[in-house]
Amino acid sequence: MADYSMTTPLSDEDVKKLKAGDKVLLSGTIYTARDAAHKRLVDLLDEGKELPIPVDGQVIYYVGPSPTPPGKPIGSAGPTTSYRMDPYAPRLLDEGLKGMIGKGMRSDEVVASMKKNTVVYFAATGGAAALIARSITAAEVVAYEDLGAEAIRKLTIKDFPLIVAQDCGGGNVYKEGQEQYRR
Amino acid sequence: MREVEAARITEEVARLCMEANFELEDDVQNALEKAYEAEESPAGKEVLRQILENSEIARSEKIPMCQDTGLAVVFVEIGQDVHITGGDFETAINEGVKNGYTDGYLRKSALADPIRGGNTGDNTPAVIHLNMVPGDKLKLWVVPKGGGSENMSCIAMMKPADGVEGIKKFVVENINAAGGNPCPPIIVGIGIGGTFERCAQLAKKSLLREIGSVHPDPFYADLEKELFGLVNDLGIGPMGLGGRTTALAVHIEVAPRHIASFPVSMNINCHAARHKYIEL
């Protein structure tokens, strides 16, 4: 298991280096999207329309932050459970998305698409939302403001602590970790 | 007859909504600290370290420990000699939720219509469980409940023949399938008996119990202990990364059942197990 510092956008070479269990401090720009925003993005793709955010080489964080208190760039901002985005994720991966951040295991369909498209899935610590917010230095709503917490935000991050949960070769920290400690 | 002003209820509910989201109660905090000391898995230990650091940041900065500040679940025990004055009871609670979630910069996660959506804008309505009891006290438990752990909860209308073994299988299989999704280490609330809806309520109510408390009936205390062992033997660990700490507690609540029915429910709470209590 290795430690990396990486900056977005991610290349295929970056993604191929990462193995399940590796720790990554991620910096740069990422975009937020969860249930409702994913539905809208995939509906746009179905209609052959342009997406409101760049996807190629980018990383999407599954989060709906709490409201921004005065004097802070963002409210608490931990990951939401990823399986709810599984029905939509492969479509975005086909568009060149290189990374996803959430929590919990992904479906076989997403794993197949991650292999096909060379994509990494990172886990952030669920419920550590006040701590994670410290890694976010700026936030701006860039689409779907009407969705409130579910709007798409562009985040500037500095050393966001992540673990490679599932890599592009099928490595899976959940399966491997749990097998090790099962009695 | 003892009078309690509706405005007082609103004020307390607002305060409890905020405090619950900013500060872990001692029982949860202590259980997490103990788990951190005992955890053997390096990845699991790192997760627990982050959870404890997060708890300190949330407490000192008065910001929500988790962005999912939940739907506001409120358990109420109202003495039959209490008279609410100056407004109606349900509105008083919902006003408190509205004020707490607005003033505390808590996330509004309530959709007005389950299919057509539309955020209610203030996280109302609260989910209120009301019990009338003898006396002149008003007791309130504010329990903000996040979606991640709620989604991994389940109920089964089992056959009476399934017995205790059936309960163990139900609990272990469903927690194993949930894996890291409900944000372990979790608190497992189990309801046994009653009707369909009573059974689900028992599981939710068991989450109000303090970690470390045991069922007063030794038979169920033993079953809690056995299930606690079985769940932690799954090796799911903190956030599902593998480890010894999958559950901080297993709580069981029971009720009489129909001769033909054997309902069993499980309500899971995440490590951000938020609950605040006040007696008015």
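1. Helices (H or I, at least four residues) and strands (E, at least two) are taken here as DSSP runs and numbered from the N terminus. This is a predicted model, in which local features need pLDDT of at least 70 and side-chain atom pairs count only at pLDDT 80 or more, while totals for chains, interfaces and linings use all residues. Residues are numbered from 1 along each chain as its sequence is written, and chains are lettered from A in the order in which they are written.

2. Chain A holds six helices and seven strands, and from the N terminus on its elements follow the order β-α-β-α-β-α-β-α-β-α-β-β-α. Its radius of gyration (taken over C-alpha atoms) is 15 Å, close to the 16 Å that the globule rule gives for 183 residues, so chain A is as compact as a globular protein of that length. The globule rule is 2.2 Å times the number of residues to the power 0.38. Along the principal axes, the C-alpha atoms of chain A fill a box of roughly 45 × 40 × 30 Å.

3. Of the 183 residues in chain A, 62% are buried, where buried means under 20% relative accessible area, exposed over 50%, and partly exposed in between (1.4 Å probe, protein chains only). Among contacts (heavy atoms within 4.5 Å) between residues of chain A at least 6 apart in sequence, 61% join residues at least 24 apart.

4. The accessible surface of chain A, from the Shrake-Rupley method with a 1.4 Å probe, comes to about 7,300 Å², and 48% of this belongs to carbon and sulfur atoms. Chain A carries 23 positive and 24 negative charges, whose mean positions are 6 Å apart; Lys and Arg count as positive and Asp and Glu as negative, without His and the chain ends.

5. Two cis peptide bonds deserve a check by eye. In chain A, such a bond joins T8(A) and P9(A), with omega about -5°, and P9(A) lies in the loop between β1 (3–7) and α1 (12–17). In chain B, a cis peptide bond joins P184(B) and P185(B), with omega about 5°, and P185(B) sits in the loop between α6 (163–178) and β9 (186–193).

Notes
Heavy atoms only, no water. Charge placed at Lys NZ, Arg CZ, Asp CG, Glu CD.
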